[in-house]
Amino acid sequence: MTEILDKSWDAQRRIEERAKRLGRGRYGRVLKMARKPTSDEYSKVVMITGLGLLFIGLLGFFIYWFMKYGYQYIENFFK
């Protein structure tokens, strides 16, 4: 039982050491500069993301439509 307890304390100690080094490591500067976005910034990001999803969806639908029906129009054009 004490062996399990010692292993769990070691694991807890390792986790705490990593958490302490998090602010000083490679990503420390980024974490220090990070802040909560304003509502205006957030709404712009949501709008741009939505437009990107809409564009990708329309592109996928066009490719689907072309593969299913578009070739018929091309065949009729060259007959």
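Which residues form one aromatic cluster? Phe62, Trp65, Phe66 and Tyr73 do.

Before the details, the ground rules. This is a predicted model, so local features need pLDDT of at least 70 and side-chain atom pairs count only at pLDDT 80 or more, while totals for chains, interfaces and linings use all residues. Residues are numbered from 1 along each chain as its sequence is written, and side-chain values use heavy atoms, with hydrogens and water left out.

I will start with the aromatic side chains. Searching the whole structure gives three aromatic pairs. One of them is Phe62 with Phe66, which is stacked, at 6.4 Å centre to centre and 25° between the planes. As for the criteria, rings of Phe, Tyr and Trp (for Trp, the six-membered ring) pair if their centres lie within 6.5 Å; planes under 30 degrees apart count as stacked, over 60 as edge-to-face, and the rest as tilted.

Both Phe62 and Phe66 sit in helix H3, residues 39-77, and they are four residues apart, about one turn of the helix. Helices here are DSSP runs of H or I with at least four residues, strands are runs of E with at least two, and both are numbered from the N terminus.

Another stacked pair is Trp65 with Tyr73, at 5.8 Å centre to centre and 20° between the planes.

Tyr73, with 55%, counts as exposed. The cut-offs are under 20% relative accessible area for buried, over 50% for exposed, and partly exposed in between, with a 1.4 Å probe and protein chains only.

Next, the charged side chains. I will go through some of them.

In helix H1, Lys7 and Glu3 are four residues apart, about one turn of the helix. Their side chains meet in a salt bridge at 3.7 Å, N to O, and both residues are exposed.

Also in helix H1, Asp10 and Arg13 are three residues apart, which again is about one helical turn. Their salt bridge is 2.7 Å, N to O. Asp10 is partly exposed at 36%, and Arg13 is partly exposed at 43%.

The side chains of Glu41 and Arg35 form a salt bridge at 3.0 Å, N to O. Glu41, at 32% relative accessibility, is partly exposed, whereas Arg35, at 58%, is exposed.

Last, the positive surface patch. Which residues form it? They are Arg14, Arg18, Lys20, Arg21, Arg24 and Lys32. Patch residues have over 30% relative accessible area and no salt bridge; like charges are joined within 9 Å, and nonpolar side chains (Val, Leu, Ile, Met, Phe, Trp, Tyr) within 5 Å. Lys and Arg count as positive, Asp and Glu as negative, and His and the chain ends are not counted.

Which helix gives the most to the positive patch? Helix H1, residues 2-21, does, with four residues. Arg18 is placed in helix H1, and its relative accessible area of 57% makes this residue exposed.

Notes: Areas by Shrake-Rupley, 256 points an atom, 1.4 Å probe, with all protein chains shown as cover. Salt bridge = Lys/Arg side-chain N within 4 Å of Asp/Glu carboxyl O. Charge placed at Lys NZ, Arg CZ, Asp CG, Glu CD.
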